[in-house]
Amino acid sequence: AQVGIDQEHIQSNIDKNIRGYASDDRDALAGKTVYIADEPITVDGQVRSFETIKAPLRDDKGKIMGIVGVARDITERKRAEAMEVAHSEKLKRSAASAIKIEERQRRQIADALHENVSQLLATVKMRLSMLSDTVSDKNIEEVNLITDLVNDTMEHSRSFPKGLIEF
């Protein structure tokens, strides 16, 4: 028997769906190459993951004279891969959350900017209207030009929220 490895991993255990090394050895002695990408094995009470390959060992005439096998403990690699996947998922969630926060802040800024600019422009327009009643004919053209500029600016300010949100 091999030290530290459960007997069921050597022979097999159909109830636990364990194929066993002996079966792999028989296949290799029959001329097959056996590859197992991830085989959980209990070693000294700990479950470890192994990548194994077994193949027939042939003499110079091609006759099978034994088997050759390599088992590589991939437990740490699998743990690192699982941690990488978990970290990647966490980063994706963080990025999605940051994007939502940024969109919400952008919307708040756009709304606040629109409200403040609109109110200021409405006040300017109202004062220009009151001023136009007291201005001489000579200056009324300038007041009307400024009023038109305020109207254009008010129209453009309506697109602020949309432009900031689509940033």
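How many residues does helix 3 have, and how far does helix 3 reach from its first C-alpha to its last? Helix 3 has 58 residues and spans 84 Å between those two atoms. That is close to the 86 Å expected at 1.5 Å a residue, where the expected span is 1.5 Å times one less than the number of residues. Helices (H or I, at least four residues) and strands (E, at least two) are DSSP runs, numbered from the N terminus.

The model is predicted; local features need pLDDT of at least 70, side-chain atom pairs count only at pLDDT 80 or more, and totals for chains, interfaces and linings use all residues. Residues are numbered from 1 along each chain as its sequence is written, and side-chain values use heavy atoms, with hydrogens and water left out.

Strands come next. Strand 1 (residues 34-43) and strand 2 (residues 46-58) run antiparallel and are joined by 8 bridges. Two strands count as paired if DSSP finds at least two bridges between them. Glutamate 39 has phenylalanine 50 of strand 2 as its bridge partner. The hairpin of strand 1 and strand 2 has 2 residues between the strands. Aspartate 44 in this hairpin takes a positive phi near 50°.

Strand 2 also pairs with strand 3 (residues 64-73), again in the antiparallel sense, over 9 bridges. Here arginine 58 has isoleucine 64 of strand 3 as its bridge partner. The hairpin of strand 2 and strand 3 has 5 residues between the strands. Glycine 62 in this hairpin adopts a positive phi near 90°.

Arginine 48 belongs to strand 2. Its relative accessibility is 18%, so arginine 48 counts as buried; the classes are buried under 20% relative accessible area, exposed over 50%, and partly exposed in between (1.4 Å probe, protein chains only). The side chain of arginine 48 makes a polar contact of 2.9 Å with the side chain of aspartate 73. A polar contact is a pair of N or O atoms within 3.5 Å; within protein, one must be able to donate a hydrogen and the other to accept it, and residues adjacent in sequence count only if both atoms are side-chain atoms. Leaving out residues up to four places away in sequence, arginine 48 touches Glu39, Pro40, Ile41, Val43, Asp73, Thr75, Glu76 and Arg79. Contact means heavy atoms within 4.5 Å.

Helix 2 covers residues 21-29. Its buried residues are Tyr21, Ala22, Ser23, Asp24 and Ala28. Arginine 26 is also placed in helix 2. Arginine 26 is exposed, with a relative accessible area of 53%. The C-alpha atoms of arginine 26 and isoleucine 67 are separated by 9.3 Å, although these residues are 41 apart along the chain. Just after helix 2, glycine 31 takes a positive phi of about 105°.

The largest nonpolar core holds 6 residues: Leu121, Leu128, Val135, Val143, Val150 and Met154. Such a core is a set of buried Ala, Val, Leu, Ile, Met, Phe, Trp, Tyr and Cys residues joined through side-chain atoms within 4.5 Å. Helix 3 (75-132) and helix 4 (137-157) are the elements that give two or more residues to this core. Helix 4 supplies the largest share, 3 residues. In soluble globular proteins, nonpolar side chains tend to be buried together. Beyond its neighbours within four places in sequence, valine 143 is in contact with Leu128, Leu131, Ser132 and Val135. The buried residues of helix 3 include Leu121 and Leu128, along with Thr75, Arg106, Ala110 and His114.

A search of the whole structure finds 8 salt bridges. Each is a side-chain nitrogen of Lys or Arg within 4 Å of a carboxyl oxygen of Asp or Glu. One of them joins arginine 77 to glutamate 81, with the closest N and O atoms 3.3 Å apart. Both residues lie in helix 3, 4 residues apart, about one turn of the helix. Arginine 77 is partly exposed at 38%, and glutamate 81 is partly exposed at 39%.

Another joins glutamate 89 to lysine 92 at 3.7 Å between the closest N and O atoms. These two are 3 residues apart in helix 3, so about one helical turn separates them. Glutamate 89 is partly exposed at 36% relative accessibility, whereas lysine 92 is exposed at 52%. Glutamate 102 forms a salt bridge with arginine 106, the closest N and O atoms being 2.7 Å apart. Glutamate 102 is partly exposed at 39%, but arginine 106 is buried at 15%.
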